[in-house]
Amino acid sequence: MPRDSYQEGLNSLREDVLYMSEIVLERLRLGLDALEQKDEEMAREVIEGDHEINQLYLDLEQDCIDLLALQQPVASDLRFIAASFKIITDLERIGDLATNLGEYSLEAERDVYPEVDIQDVADVTIEMVENAMQAYGDENADQCYAIADVDDEVDERCEAASETVVRDLIEREIDTDSSEGEIEQLMADVSRLLLTIRDIERVGDHAVNIAARTLYMAENDDDLIY
């Protein structure tokens with residue numbers, strides 16, 4: 001592969017990874033909207049669109065392999081390709097989490113804990129992914145640490161939300177007139193809410209993973225990799 005074509009391949013890889021992140025974030029926002037609005041059409045769009053993200057992942061994985069096999073890059077180029085390979089894995093998993101949200105919205109019939117504002121926390125995690133991908137595109141090492149700091153706040157808020165739900169469930173006096181079906185529905189709704197909180201927290205974790213690989217790519221610094 002000539003050097004000019006090789007450089008074009010590197011540039012194309014970066015652009016395509018950024019494009020994949022835009023698709024993933026679009027699906028994530030749609031999944032959250034579907035969950036909030038109980039919108040079946042939105043939910044099915046997210047679920048059915050997962051194959052597009054999976055195909056993007058496979059295509060970019062092959063691009064990374066080709067660049068490694070054909071050019072045998074060293075130093076900064078090798079770190080860039082390796083980081084890109086890891087980042088598309090995190091993006092694909094965020095896409096899976098978006099699909100989960102779509103599936104939850106199909107099953108949800110009501111908001112059992114409207115006081116638990118998961119949408120607000122989700123907005124923070126979306127911003128984390130956006131900032132992580134901007135750091136990747138710009139090779140901005142400083143921004144990577146800021147993303148990791150925000151994740152601590154997200155973890156605390158998700159833990160507090162889960163504790164609120166569990167504590168209320170323990171203290172709740174279930175109406176003795178409630179049917180077995182109503183009790184089962186309550187438990188299903190609670191379980192779904194806890195899974196939603198968990199998935200939103202995982203989006204933040206993937207944003208930190210992206211930031212960690214970006215820091216390694218830009219500065220050869222593995223401080224955030226764990």
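Helices in this account are DSSP runs of type H or I with at least four residues, numbered from the N terminus. The model described here is predicted. By that definition, L70 belongs to helix α3, which covers residues 50–71.

The overall plan may be taken next. The protein chain contains 7 helices and 0 strands, and its elements, read from the N terminus, follow the order α-α-α-α-α-α-α. The C-alpha trace spans about 75 × 35 × 20 Å along its principal axes. The chain has 226 residues, of which 43% count as buried. Among contacts in the chain with a separation of 6 or more, 84% are accounted for by residues 24 or more positions apart.

Two helix pairs show how parts of the chain pack. Helix α4 comprises residues 75–107, and helix α5 comprises residues 118–138. The axes of α4 and α5 come within 12 Å and cross at roughly 160°. Angles over 145 degrees count as roughly antiparallel, and α4 and α5 are therefore roughly antiparallel to each other. The crossing in which α4 passes α5 is left-handed. On the α4 side, F80, S84, I87, L91 and I94 take part, and they meet V129, M133 and Y136 of α5.

Helix α5 also packs against helix α6, which covers residues 141–171. Here the angle is about 165° and the axes are 10 Å apart. The pair α5 and α6 is therefore roughly antiparallel, and α5 passes α6 in a left-handed crossing. From α5, the contact involves D120, V121, V124, T125, M128, N131, A132, Q134 and A135. From α6, the residues in the contact are Q143, C144, I147, V150, D151, V154, R157 and C158.

A disulfide is a covalent bond between the sulfur atoms of two cysteines. The structure holds 0 disulfides. For C64, the closest cysteine sulfur is that of C144, and this lies 18 Å away, so the distance is too far for a bond; the cut-off for a disulfide is 2.5 Å. C64 is buried, with a relative accessible area of 1%. C158, which was named above in the contact of α6 with α5, likewise counts as buried, at 3% relative accessibility.

Helix α7, residues 180–219, contains R192. Is R192 buried or exposed? R192 is buried, because its relative accessible area is 9% and the label applies under 20%. The side chain of R192 reaches the backbone oxygen of E107 at 3.5 Å. E107 is also the residue number at which helix α4, residues 75–107, ends.

A75, in helix α4, has a positive phi of about 50° although it is not a glycine. N220 likewise is not a glycine, yet it has a positive phi of about 55°. N220 is found in the segment after α7. With a relative accessible area of 48%, N220 is partly exposed.

Conventions
Residues numbered from 1 in each chain as written. Predicted model: local features only at pLDDT ≥ 70, side-chain atom pairs only at ≥ 80, totals over all residues. Heavy atoms only, no water. Buried < 20%, exposed > 50% of the residue type's maximum accessible area, 1.4 Å probe, protein only. Polar contact = N/O pair within 3.5 Å; in protein donor to acceptor, adjacent residues only side chain to side chain. Axes fitted to C-alpha atoms, helices over the stretch in contact; angles between N-to-C directions. Parallel < 35°, antiparallel > 145°, perpendicular 65-115°, else oblique. Left-handed = near helix turned anticlockwise from the far one by under 90°. Contact = heavy atoms within 4.5 Å.
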